[in-house]
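Please read these notes with the structure open beside you. They are meant for someone new to reading models of this kind.

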Amino acid sequence: MDSLDAILAQWARARPDLDVGPMGLVGRVLRLQRHLMHGMEEALGRHGLNFASFDVLATLRRAGHPGGLSPGALLGEMMVTSGTMTNRLDQLEAQRLVERLPNPRDGRGVIVRLTPAGLALVDAALRDHVARQARLVAALDPDDRQALGGLLRAWLSGFEAGWTG
């Protein structure tokens, strides 16, 4: 039993004409998201980062150092607006964690890349981030993690394929 079971039982009594089963799935995902974000923010906070700043640094890191990415490529990897991305990059640049350099393939554009300080920080934070994520999923045995991963992949791929619900 979890907190959603009581809510679903209340809705079943109040509106027996509605199938509230999907409410349980969505509600659990949303509540888990809050717990997961809190746990990850706590681990990243020890490095002076929040999830948003870590997301940019980690995206640049996994793209391969020292190449960097254009702001457009960063936008393609992350689900944020261009204004949000500009704000994040401005903050990270002010902290000397990223730098904007002229794009050698497009004289009008820039490439964003990690500075040595940004690389060191994201690598240190990544160790703690991965360890925290392992603790956050520890309540599930490996088979359940595998099964849940497959179910979530199927659900997410529907949205990414253009289904809007």
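The numbered points below cover confidence, the annotated domain, the strands and the nonpolar core.

1. This is a predicted model, so begin with pLDDT, the predictor's confidence in each residue. The protein chain averages a pLDDT of 93, and 99% of the residues score at least 70. Among the elements of the chain, α6 has the highest mean, 97; the lowest, 88, belongs to helix α4 (residues 71-77). Where pLDDT is low, predicted coordinates should not be read in detail.

2. The unreviewed UniProt entry carries the annotation "domain: HTH marR-type" for residues 22-157. In the model this span is 68% helix and 11% strand.

3. Strands β1 (residues 98-103) and β2 (residues 106-114) run antiparallel and are joined by six bridges. Together they form a hairpin, with two residues between the strands.

4. Which residues have the most contacts inside the largest nonpolar core? They are Leu57, Leu60 and Leu74, in a core of 21 residues. Two or more residues of this core come from each of α3 (51-62), α5 (82-94), β2 and α6 (116-136). Helix α3 supplies the largest share, five residues.

5. Leaving aside residues up to four places away in sequence, Leu74 touches Val56, Thr59, Leu60, Leu69, Met85, Leu89 and Val112. One of these, Leu60, is also among the core residues with the most contacts.

Note on methods: Residues are numbered from 1 along each chain as its sequence is written. This is a predicted model: local features need pLDDT of at least 70, side-chain atom pairs count only at pLDDT 80 or more; totals for chains, interfaces and linings use all residues. Side-chain values use heavy atoms; hydrogens and water are left out. UniProt positions are given in the numbering used here, feature names are shortened, and annotations may be inferred rather than shown by experiment. Helices (H or I, at least four residues) and strands (E, at least two) are DSSP runs, numbered from the N terminus. Two strands pair if DSSP finds at least two bridges between them. A nonpolar core is a set of buried Ala, Val, Leu, Ile, Met, Phe, Trp, Tyr and Cys residues joined through side-chain atoms within 4.5 Å. Buried means under 20% relative accessible area, exposed over 50%, partly exposed in between (1.4 Å probe, protein chains only). Contact means heavy atoms within 4.5 Å. pLDDT is the predictor's confidence in each residue, from 0 to 100.
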